[in-house]
Amino acid sequence: MGEERNGMEEFLQRGSMAAQFARGAVKTGKAVSGAAAGALWEGRKKIGKAIAAMAALLLLPVVFLAMLPGLLFDGFLSWVSPSDPETPILNSSTAITENANNITFTINSILSEALEETQAEMESDFASSGADCMEVVNPYAAGPVYNANLFVSQYCAFRNDDYENVSIADMERVLRGGKEHLYSFQRREEVRERTETDPETGEEERIPERWMVYTVSYNGESYFADQVFRLTEEQKALAEDYAGNMSLFLGDGLLQNLAEWDGNSIPSLGDVCFVDGAAEVVYFNQLDERYAPQPYGTDHIGGYGCGPTCMAMVVSSLTEEYMEPTEMAQWSYENGYWCRGSGSYHALIPGAAANWGLPVSGCTASEPQRILDALAEGKLVVAIMSAGHFTTGGHFIVLRGVEDGKVMLADPASYRRSGQLWDLEIILEEASRRAGAGGPFWISG
């Protein structure tokens, strides 16, 4: 009993030290979460029923420190999760994964509902316009685009010191209460002509038509921060830092950045094609001096552009159009797939494939034969990877062929890895477990 008490005291002391550090570092976001999350995680095996005491310690200087783990584990007042009743909730990867998936599913459902409601509003507007035809420009047709971690962080900031009510159910209630303005649309009227042939004379006649063109915009995270959560500028900045740290904590393909990238680039690789698979694949490297320093939103391709670089390879290889990473990064940014400081929303992959007319279908890690069959047929498979051989956080790669049961790939951050054969088991094991938009694998072609 004495040894157990000493372990608990040591853990609580760690939490207190983290809280003291946070008092002086609250304006630096990432440093704050690093201290508190580190203490929480390092001592998780000793936490037991003292979780509430730990929460109370963290509440003193910065209540927000307690919010993120509180939501991840669906509240501080539960000892174990129903999904893993034999393991303390803070030590259960099963509970963490389940709650993270529930959060993502909840947000995805709300955004999908909001998008459907926006579609209904556009159809109602068209019906009352008297126009002949309508066209909808919707960058989110392949699925909602959002930063789940930022929603979570903003919700936690919104709850402030009300830590007892932090839960997935409460977050859903708050988000659903403000969903009516998640999306908006703009309308413009155009006159277009269609040609009809007179069946008796064979002459062509041009008939003018009134078209209503609707363009959908996503207001999302920024809308909630300002209009629903009503966060201060300091809370917004802190929430963004926490969102990044939450991605690092989950470590599952949510934060796509090359941690080792220091702004340098590699000499230009020139024109590179892989011809050893069933399909000839145009290869691009995001660290190539032609691309690395170029912008991806307010980030750079070298650090955050694995998604656009992969899709540049896919489009250049499977269509008649040659698309460089800089062009794909610009398209991704303009169409809402860039996520500041985090890389790309997973919806970039099916969204870009559909935009260039490529068939695309999502695939899970439990369907290895589908992946092998697709590669043998000359199709390409984009994968979002979590920590392992390819990344310490998240990283898109392209699977480009199969040889003797092993997989060929095109890694946009490593020409060397792209020349190796890989066991499919490694790729299946390290693929993201919380991929959105139908992933972690997307088959194109």
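Reader: Why is helix α13 largely enclosed by the rest of the structure?

Author: Six of the eight residues of helix α13, which spans residues 348-355, are buried, so the helix is largely enclosed by the rest of the structure. Buried means under 20% relative accessible area, exposed means over 50%, and partly exposed lies in between (1.4 Å probe, protein chains only). Helices (H or I, at least four residues) and strands (E, at least two) are DSSP runs, numbered from the N terminus. This is a predicted model, in which local features need pLDDT of at least 70 and side-chain atom pairs count only at pLDDT 80 or more, while totals for chains, interfaces and linings use all residues. Residues are numbered from 1 along each chain as its sequence is written, and side-chain values use heavy atoms, with hydrogens and water left out.

Reader: Which residues of α13 are buried?

Author: They are L348, I349, P350, G351, A352 and A353. After α13 comes G357, which has a positive phi near 75°.

Reader: Turning to charges, how many salt bridges does the structure hold?

Author: There are 23 salt bridges, each being a side-chain nitrogen of Lys or Arg within 4 Å of a carboxyl oxygen of Asp or Glu. In one of them R176 pairs with E113, and the closest N and O atoms are 2.4 Å apart. This pair links distant parts of the chain, with R176 in helix α7 (residues 168-177) and E113 in helix α5 (residues 93-127), 63 residues apart.

Reader: Where do R417 and D411 stand in terms of accessibility?

Author: R417 counts as buried at 14% relative accessibility, and D411 counts as buried at 0%. Their side chains meet in a salt bridge of 2.6 Å, N to O. Elsewhere, salt bridges that share partners join E113, E117, E172, R176 and K179 into one network.

Reader: Which residues form the negative surface patch?

Author: D198, E200, E203 and E205 form it. Patches are made of residues with over 30% relative accessible area and no salt bridge, where like charges are joined within 9 Å and nonpolar side chains (Val, Leu, Ile, Met, Phe, Trp, Tyr) within 5 Å. Asp and Glu count as negative, Lys and Arg as positive, and His and the chain ends are not counted. D198 is in the loop between β4 (183-197) and β5 (204-218), and it is partly exposed with a relative accessible area of 34%.

Reader: What about cysteines: how many disulfides are there?

Author: The count is zero, a disulfide being a pair of cysteine sulfur atoms within 2.5 Å. The sulfur of C306 is 6.2 Å from the closest cysteine sulfur, in C310, which is too far for a bond. C306 is buried, with a relative accessible area of 2%.

Reader: Which residues other than glycine have a positive phi?

Author: R230 is one of them, with phi near 50°, and D404 is another, with phi of about 50°. R230 lies in the loop between α8 (220-228) and α9 (233-250) and counts as exposed at 61% relative accessibility. D404 lies in the loop between β14 (395-403) and β15 (406-410) and is exposed at 76%.

Reader: And where is P440, and what is the peptide bond from G439?

Author: P440 lies in the loop between α16 (424-430) and β17 (441-444). The peptide bond from G439 to P440 is cis, with omega near 20°.

Key:
Accessible areas come from the Shrake-Rupley method with a 1.4 Å probe; for residues, only the protein chains shown count as cover. The place of a charge is taken as NZ of Lys, CZ of Arg, CG of Asp or CD of Glu.
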